[in-house]
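Me: I am new to this structure. Please show me how to read a few of its features, one at a time.

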Amino acid sequence: MRGGKESDIREQPWQAAITVYRPRARAHSFLCGGVLIDSCWVLSAAHCFQEGFSANRVQVTLGRTFRLQNSSTEQIFEVEKYWVHEQYKEETYDNDIALLKLKSESGLCAVSSPEVLPVCLPDATLQLPEWTECEISGYGKEHEFSPFYSERVKQGHVRLWPQDRCVSDKLAGRVVTANMLCAGDTRGLDDACKGDSGGPLVCPSDGRMTLMGLISWGDGCGKPDTPGVYTRVTHYIDWISSKMRSN
């Protein structure tokens with residue numbers, strides 16, 4: 001994340017780190033962020049899975065403040081299966097959402113604690129006022145061209161942009177669809193960056209932090225008057241619940 005502040009996983013206990021096993025390196029490497037929405041279910045961005053790796057190479061780590069440091073509060077899971085949205089478009093990142101099912105013998109996966117807690121999903125009809133202040137988090141890069149991901153989870157604050165300003169002129173001409181929402185820091189400080197993809201944009205609604213967006217794409221990181229683009233989660237509530245019900 002560009003800007004923002006170093007945080008503690010207890011401030012965003014739904015934040016997941018997704019890693020993938022790379023046979024050449026014989027190790028898991030950091031892939032993307034994710035969001036815990038239920039004990040055995042994590043959302044992320046479809047574009048993180050474009051290479052199509054098999055589920056048994058993917059791992060999800062919850063409850064960790066420092067990305068590479070083991071912690072007594074962490075919970076690590078293998079992935080049983082994942083689904084990339086059937087209408088995901090690689091060219092535009094339309095429908096940029098994926099759902100992961102964690103593996104468990106008992107039917108219970110993540111155990112709730114101060115460091116690990118599912119986020120609330122919104123009602124499909126929820127609309128928040130323009131310029132609502134929301135929170136983003138992740139372990140992504142601190143600058144667009146940095147070679148390194150952040151060692152520690154970071155948190156930033158962005159505001160929801162009006163849809164009539166969420167247009168391709170503001171985003172280097174790239175297509176913006178109705179399944180996307182824009183959010184940016186009016187102070188020009190905080191923005192998601194590479195490696196934050198799939199992580200949460202959470203906004204207060206009825207006194208609860210509610211997942212309104214998944215970090216999807218942008219034109220660079222933190223460019224002036226340029227918002228970040230997020231998958232609009234309210235459009236996928238039915239998709240998510242039908243996958244969870246049938247699996």
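Reply: Start with contact, which means heavy atoms within 4.5 Å. This is a predicted model, where local features need pLDDT of at least 70, side-chain atom pairs count only at pLDDT 80 or more, and totals for chains, interfaces and linings use all residues. Residues are numbered from 1 along each chain as its sequence is written, and side-chain values use heavy atoms, with hydrogens and water left out.

Me: Leaving aside neighbours within four places in sequence, which residues is Tyr-93 in contact with?

Reply: With those neighbours left aside, the contacts of Tyr-93 are His-47, Gln-50, Tyr-88, Arg-174, Met-180, Ser-216 and Trp-217. Tyr-93 itself is in the loop between strand E6 (75–84) and strand E7 (98–102); strands (E, at least two residues) are DSSP runs, numbered from the N terminus. Asn-179 is 86 residues from Tyr-93 in sequence, and the C-alpha to C-alpha distance is 9.7 Å.

Me: How do I read a pair of rings?

Reply: Two values describe a pair of aromatic rings: the distance of the centres and the angle of the planes. Rings of Phe, Tyr and Trp (its six-membered ring) pair if their centres lie within 6.5 Å; planes under 30 degrees apart are stacked, over 60 edge-to-face, and the rest tilted. The whole structure has seven aromatic pairs. In one of them, the ring centres of Phe-49 and Tyr-82 are 4.7 Å apart and the planes are at 35 degrees, so this pair is tilted. Phe-49 is in the loop between strand E4 (41–44) and strand E5 (58–62), while Tyr-82 is in strand E6, 33 residues apart.

Me: Is Phe-49 buried or exposed?

Reply: Buried means under 20% relative accessible area, exposed over 50%, and partly exposed in between (1.4 Å probe, protein chains only). Phe-49 has 4% relative accessibility, so Phe-49 counts as buried. Tyr-82, at 16%, is also buried. Another tilted pair joins Tyr-88 and Tyr-93, with 6.2 Å centre to centre and 50 degrees between the planes.

Me: Which ring has the charged end of Arg-165 over it?

Reply: A charge sits over a ring if NZ of Lys or CZ of Arg is within 6 Å of the ring centre and within 35 degrees of the ring normal. The charged end of Arg-165 is over the ring of Trp-161, 4.8 Å from its centre. Lys-141 lies over the face of Tyr-149, 5.3 Å from the ring centre. Ring pairs also link Tyr-149 with Phe-30 and Tyr-139 into a cluster.

Methods
Helices (H or I, at least four residues) and strands (E, at least two) are DSSP runs, numbered from the N terminus.
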